[in-house]
Amino acid sequence: MTLIELEERVKKDLELLRYPARDWIPETPGVLDVLVIGGGQAGLAIAFGLLRERVNRILVLDEHPEGQEGVWETFARMRTLRTPKHLTGPDLGLPSLTFQAYFEARFSEEAYQSMGKIPRDLWMAYLRWYRQMVQVPMENHAKVQKIIPLDKGFEVVYRTPEGMKSHRARRVVWATGMGGAGFWKSPEYVASIPRSHYAHTCEEIDFDALAGKRVGVLGAGASAFDNAGSALEAGARVDLYMRQKSFPNVNYYRFFEFTGFLKHTADLPDDLKLQWLQFLLAPQPPTEDNVARTRNHPAFALHAGCNWQSARFEDGQVVVTTDQGEERFDFVIFGTGFQVNPKVRPEFKLFRDFILTWGEKHPLAGGVAATYPYLSQDYAFQENRPGTCPPLKHLYDFSFGATASMGLSGASISSMKYAIPRLIDGITRSFYLEDAEHHLNRVKLYADEEVTWPV
């Protein structure tokens, strides 16, 4: 099957599965049914799921240019995805929309069988094709500034190249992946380094400019190794430091890939969720592919069990005080992770103090998950004090912040097969229950006759 033939197959499949085809949500003039913030893989799949359920007045906002949504063209620097190539999810059960179908149509079945893991650039190419196939309504170059709670729903204010804009919506989905769950962490001493001489792994980095320079990387996770590998390939000399004597080598995400966990972790009682969290929130190790980029490179040195204590800028270089003495670098990269905390998000300023967190729900058991939002079983935020912000039940968190409440979800391809339908079901359920009287009144007026008897 060629790619053109596959695209015709997708159109036919969507036509065959269009039932029920009737619009059903009452229109509120000037108000969207759902506004999705974030146009990466999750935002695309959420929009597709809504459209399949005939939630048609939707819009996706993304701050990046068209075709560069999500992390794959920005700070994801791995060569391949870490998940198995046979995963499904964005397709929402439509075989012709799977990555495998797309790959085989572009190349061949034999090429798919011989491929190890999915190359990162091909995954992004698939997502661009996917957006085209499912016709997601999206506005790019749209940076959300604030979300304003209203009596019914929200107003979302965002910045564009043409100026400030806003939309009102009955439901809002926060589909911002990992970075949108809180903030990226950097050591306090970063303030003493000029902005031109350091970056976090989540930021854009001009690796070509690092050729011939000495680069220091701090971190033991996958992103630290990805960035070290990118710098090495650009011609830099790289020293990677980590406070652990060895990096984590057990990837619990591979264990989690079974139906029970992926589909029903959100249904567990809190005491069991808290026990799962020690594994769910454990550091994810670099893959063999990550490590292979650096292991035998002559310009790479690994300093295990050696943390950075402080740093200063001196004579055009970053002077780092490590556990083993001072080192000088031309540029440093921090792979120091992120902290989930919706209460620091500037977009949530008007209501963030009302968001219920795990630490507030279970003060003695929050632990590492204390600042994660405590969500309802349909991904909605909840109030920490009843009645303080009722619209929160219509704001859905599909970022990494959902992990403590829902298991693998907002920033995991592995979970999409089950997580997206749960979210969509929650949204459509809320619409139907809220509009139940409207639908009842309509059926009372329904008078279409199917059988007539001649008189």
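Lys 85 lies over the face of Tyr 112, at 4.7 Å from the ring centre; a charge is taken to sit over a ring if NZ of Lys or CZ of Arg is within 6 Å of the ring centre and within 35 degrees of the ring normal. The model is predicted, so that local features need pLDDT of at least 70 and side-chain atom pairs count only at pLDDT 80 or more, whereas totals for chains, interfaces and linings use all residues. Residues are numbered from 1 along each chain as its sequence is written, and side-chain values use heavy atoms, with hydrogens and water left out.

Tyr 112 also belongs to a cluster linked by ring pairs, together with Phe 48, Phe 99, Tyr 102, Phe 103, Phe 107, Trp 123, Tyr 126, Trp 129 and Tyr 130. Rings of Phe, Tyr and Trp (its six-membered ring) pair if their centres lie within 6.5 Å; planes under 30 degrees apart count as stacked, over 60 as edge-to-face and the rest as tilted. Across the whole structure, 36 aromatic pairs are found. Tyr 102 and Tyr 126 form a tilted pair, because their ring centres are 5.8 Å apart and their planes stand at 50°. Tyr 102 is located in helix 3 (residues 99-106) and Tyr 126 in helix 5, so the pair ties together parts that are 24 residues apart in sequence; helices (H or I, at least four residues) and strands (E, at least two) are DSSP runs, numbered from the N terminus. Tyr 102 and Tyr 126 are buried, where buried means under 20% relative accessible area, exposed over 50%, and partly exposed in between (1.4 Å probe, protein chains only). The pair of Tyr 189 and Phe 334 is likewise tilted, because the centres are 6.2 Å apart and the planes are at 55°. This pair links distant parts of the chain, with Tyr 189 in the loop between strand 7 (182-184) and strand 8 (198-200) and Phe 334 in strand 15 (residues 331-334), 145 residues apart. Tyr 189 and Phe 334 are both buried.

Salt bridges (a side-chain nitrogen of Lys or Arg within 4 Å of a carboxyl oxygen of Asp or Glu) number 25. In one of them, Asp 33 is paired with Arg 57, the closest N and O atoms being 3.4 Å apart. Asp 33 lies in strand 1 (residues 31-37) and Arg 57 in the loop between helix 2 (41-52) and strand 2 (58-61), so parts 24 residues apart in sequence are tied together. Asp 33 counts as buried at 2% relative accessibility, whereas Arg 57, at 22%, counts as partly exposed.

A salt bridge also joins the side chains of Arg 82 and Asp 226 (2.7 Å, N to O). Arg 82 is in the loop between strand 2 and helix 3 and Asp 226 in helix 6 (residues 222-233), 144 residues apart. Asp 226 counts as buried, at 2% relative accessibility. Both residues belong to a network of salt bridges that includes Arg 79, Glu 233 and Arg 293.

Arg 171 takes part in two kinds of interaction. Its side chain meets that of Glu 434 in a salt bridge (3.0 Å, N to O), linking strand 6 (residues 163-177) with helix 13 (residues 416-434) across 263 residues. Arg 171 also lies over the face of Phe 431, at 4.4 Å from the ring centre. Arg 171 counts as buried at 1% relative accessibility, and Glu 434 as partly exposed at 37%.
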